[in-house]
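Hi everyone, thanks for making time.

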Amino acid sequence: MLAASTQEESQRMTSVRKAYQKAIVTPTHHIEQLWKDYENFENSVSRQLAKGLLSEYQPKYNSARAVYRERKKYVDEIDWNMLAVPPTDSCKEEMQWMAWKRLLAFEKGNPQRIDSASSNKRIIFTYEQCLMYLYHYPDIWYDYASWHAKTGSMDAAIKVFQRALKALPDSEMLKYAYAELEESRGAIQSAKKLYESLLGDGAETTALAHIQFIRFLRRNEGVEAARKYFLDARKSPSCPYHVYVAYALMAFCLDKDPKVAHNVFEAGLKHFMHEPVYILEYADFLSCLNDDRNIRALFERALSSLPQEESIEVWKRFTQFEKTYGDLTSMLKVEQRRKEALSGTSEEAASALESSLQEVVSRYSFKDLWPCSSKDLDHLSRQEWLAKNIGKKVEKSALSNGSATIDKSPSVPTSNSTSSLKVHHPDTSQMVIYDPKQHPGAAVPPNTTAPAILAASNLSNPMVMVSGAASNPLSNSTVAMADGGSANAFHEVLKGTPPALLAFLTSLPALEGPTPNVDIVLSICLQNDLPTDQAKKSTTIPSQRTTGPAPTTSDLSGSSKSHPIPSSSSFRPRDRQLGKRKDLDRQEEDETTTVQSQPLPRDVFRIRQIQKARGGSASQTGSVSYGSALSGDLSGSTC
């Protein structure tokens, strides 16, 4: 009893070990946890045996984990809730189609490096999963069947095609692909049934179905079978000209029988003389035979029956034929006839019949070789367009942009380029920048400088003021007044302008355009010695600031100070106070000099302490008020 239980325990351990070993080499979810459980299991059974088994399966586990992480990137891109609906070409559907294509390509690369049988099972599983969502996509079905055919599983490929035709019964592409597979493996009767299913009823049979069935019969049953079917198909009133062309070329190229091909073209000409494409195909066939006499006869017969709007391409081919096979007289004669036939109304006939240089370019060109440059071609095309519209009233915008819609090829008929009249483009040459403050009739006083005018007209917009000064900082001949005020108003503005701004504006160079170059402005700012503090004392009396001349930059910046000399009576009662005030002024000037000589601190607490110290000294004197230490505006008021 004990031996039996020991044997059962050993079998159980072996079964569990096999299950773990199969799980840890399979890229699946929670593979790291499975490896940990397997390690614990082996160590619980035998540590000595576990060391050898774990070292053996460690590389396999690492490979499976890497494949799982790589595969997870492709799987996460797939929407597993997508419904199998016919394609609508939406962005989401296209993204899903690309995601499935990437996953299939990944699986076909055999990333696990497993045997072919196991790899094929994974690929089949992935294809089946893909078809659950992309059920109505014919390219997925075709890829699936083609993959089976490449691996040698022809029966599996046929089953996939059969399933595909049940899912998409109206897909001609899948039917042709299925018939091709059957024909390639020798199942001619199965392929023939597929071709016959494409033929359907005689009235609804397409030209392509007739042509492909004739080629199939020619490949597998011989020339007579193909000829017999063609004779039956041509009796149908709905048989198009494509069938005649295809059978004639097949007889000429495959059967090497030009006589049969010529007879087929002549038979079709009785029914399709009104088809320009058929005429051109017949002309190409005769060109291969080098039969120039019949080619001329064909063109003459066709042009005598075709209406004017359908004969454009035939005339074009006729002129090209004369360039190759004819002499100069016949070539000029055909071109003249072509112009007469394609000229529109009687009003345009005179201009259409005139010879142009573009016709010479067309006559003496060969393929991509031209007797002029591309610039000359553009010029000739534009002149042709203008000559054609010379009697019409065309807007200036259409004339300026007409050459953009003209075909550069000289052989293109001129009647097709009239569509360019429908396109109207705006004339951008008269566009100006809108400025609601600008009045063209205003004048500028001759003694007013540009910085003052700009400061008066654009004080509310510093960027406009800078750009305007950059256009001409010292000239006053081209600057207009914003308000139409007198010269006194400008003097007042000039007096109130900060000296730093005045020095900056006068140093700007002359620039063109409304916007100055940023690099130039920055270089001027770096080169100028602009004041860095704003606590400059204003020592002039109010009457002098309002009525006297404008202060200079040095006066406002504090480099040289001028103090008014009061009368002797004003000093006598307050000698002691005057001494104290002078001491405070010297102390304040020393502090200001120290602050100016040092760089501006970045510590907010330090800046506040400096502001408080300056505010205390200003309150003691009662004569000077300082602005913000960081704004850079120079402001001062004397009480």
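**Rings and gaps**

Okay, let's start with a charge over a ring: K60 sits over the face of Y57, 4.8 Å from the ring centre. Keep in mind that what you're looking at is a predicted model.

Now, how many aromatic pairs are there? The count comes to 33. Take W35 and Y61, which make a stacked pair, with 4.6 Å from centre to centre and 10 degrees between the planes. W35 belongs to helix 2 (residues 31-45) and Y61 to helix 3 (residues 47-75), so this pair ties together parts that are 26 residues apart in sequence. Both W35 and Y61 are buried.

Next up, F265 and Y282. They're stacked too, at 5.0 Å centre to centre with 5 degrees between the planes. Here F265 comes from helix 13 (residues 258-269) and Y282 from helix 14 (residues 276-288), so the pair links parts 17 residues apart in sequence. And are they buried or exposed? F265 has 0% relative accessibility, so it counts as buried. Y282 is at 2%, so that one counts as buried as well.

F265 and Y282 also belong to one aromatic cluster, whose other members include F230, Y241, F272 and F285.

The structure has two cavities of 30 Å³ or more.

Technical notes:
Residues numbered from 1 in each chain as written. Predicted model: local features only at pLDDT ≥ 70, side-chain atom pairs only at ≥ 80, totals over all residues. Heavy atoms only, no water. 1 Å grid on protein atoms, 1.4 Å probe; cavity = no way out; pocket = protein on both sides within 12 Å on 5 of 7 lines; lining within 4 Å. Points joined across faces, edges and corners; volume = space filled by probe spheres on them. Phe/Tyr/Trp six-rings, centres within 6.5 Å; stacked < 30°, edge-to-face > 60°. Helix = DSSP H or I, 4+ residues; strand = E, 2+ residues; numbered from the N terminus. Buried < 20%, exposed > 50% of the residue type's maximum accessible area, 1.4 Å probe, protein only. Lys NZ or Arg CZ within 6 Å of the ring centre and 35° of its normal.
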